[in-house]
Amino acid sequence: MEYMKKENIKVYFLGYPDISVKEEFEILRANKVPEEYTQKYDDEYLKKLIEQRIEESRFIQKECEKYNLPFVNTSTNRKDRINELVNEILKEIKGSKI
């Protein structure tokens, strides 16, 4: 938290706390890009990894609420949410005195 109080630093947290393991698994398996790291995992391992990531997302979301930090929930409409965040960051950059 001490680093977050510094001037000109803005941190955004992203996660998918509201998605099911099944939904995320289907999204990842639909991605047929060979370089995608999840493609090398077998189904059971990937499902366990997804479950861990969802739990981490829930924890991060709660911490963000606790400390009043921005959290972007990408459980649904992921591309739209990320595009909105990128646009917000670009506006911040354009409005800053960097």
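Mentor: Begin with exposure: a residue is buried under 20% relative accessible area, exposed over 50%, and partly exposed in between, with a 1.4 Å probe and protein chains only as cover. By that scale N68, at 70% relative accessibility, is exposed. The model is predicted, so local features need pLDDT of at least 70 and side-chain atom pairs pLDDT 80 or more, while totals for chains, interfaces and linings use all residues. Residues are numbered from 1 along each chain as its sequence is written, and side-chain values use heavy atoms, without hydrogens and water.

Trainee: What percentage of the chain counts as buried, and how many helices and strands are there?

Mentor: Of the 98 residues, 22% are buried. Helices (H or I, at least four residues) and strands (E, at least two) are DSSP runs numbered from the N terminus. This chain has 3 helices and 2 strands, in the order β-α-α-β-α along the sequence.

Trainee: You mentioned N68. Where does N68 lie, and what is its phi?

Mentor: Most residues other than glycine have a negative phi. N68 is not a glycine, yet has a positive phi of about 55°. N68 sits in the loop between helix 2 and strand 2, which covers residues 71-73. N77 is also a residue other than glycine with a positive phi, about 50°. The loop that holds N77 runs between strand 2 and helix 3. N77 is partly exposed because its relative accessible area is 48%.

Trainee: How many salt bridges does the structure hold?

Mentor: Side chains of opposite charge can pair when their charged atoms come close. A salt bridge needs a side-chain nitrogen of Lys or Arg within 4 Å of a carboxyl oxygen of Asp or Glu. The structure holds 5 of them. Among them is K22 with E26, at 2.9 Å from N to O. K22 and E26 are both in helix 1, 4 residues apart, about one turn of the helix. K22 is exposed because its relative accessibility is 58%, and E26 is partly exposed because its relative accessible area is 43%.

Trainee: What is the distance between the closest N and O atoms of E55 and R58?

Mentor: The closest N and O atoms of E55 and R58 are 2.7 Å apart, in a salt bridge. E55 and R58 both belong to helix 2 and are 3 residues apart, about one turn of the helix. E55 is partly exposed at 44% relative accessibility, and R58 is partly exposed at 35%.

Trainee: Which residue forms a salt bridge with D43?

Mentor: R29 does, with closest N and O atoms 2.9 Å apart. This pair links distant parts of the chain, since D43 is in helix 2 and R29 in helix 1, 14 residues apart. R29 is buried because its relative accessible area is 16%, whereas D43 is partly exposed at 39% relative accessibility.

Trainee: Which residues make the nonpolar surface patch?

Mentor: A nonpolar patch joins side chains of Val, Leu, Ile, Met, Phe, Trp or Tyr within 5 Å, from residues with over 30% relative accessible area and no salt bridge; like charges are joined within 9 Å. Areas come from the Shrake-Rupley method with a 1.4 Å probe, only the protein chains shown counting as cover for residues. Here L14, I82, V86, L90 and I93 make a patch of about 390 Å². Helix 3, residues 78-95, gives the largest share, 4 residues. I82 is in helix 3 and is partly exposed, with a relative accessible area of 34%.

Trainee: How many residues line the second largest pocket?

Mentor: A pocket is an open set of points on a 1 Å grid where a 1.4 Å probe fits, with protein on both sides within 12 Å along at least five of seven lines; lining residues have an atom within 4 Å of a point. The second largest pocket is lined by 13 residues, with E24, L28, E36, Y37 and R78 nearest its centre. Helix 1 (21-30) and helix 2 (43-67) are the elements that give two or more residues to this lining. Helix 2 gives the most, with 4 residues. The space in the second largest pocket is about 200 Å³, a volume being the space filled by probe spheres set on grid points joined across faces, edges and corners.

Trainee: How do the lining residues divide into nonpolar, polar and charged?

Mentor: Ala, Val, Leu, Ile, Met, Phe, Trp, Tyr, Cys and Pro count as nonpolar, Asp, Glu, Lys and Arg as charged, and the others, including Gly, as polar. The lining of the second largest pocket has 7 nonpolar, 2 polar and 4 charged residues.
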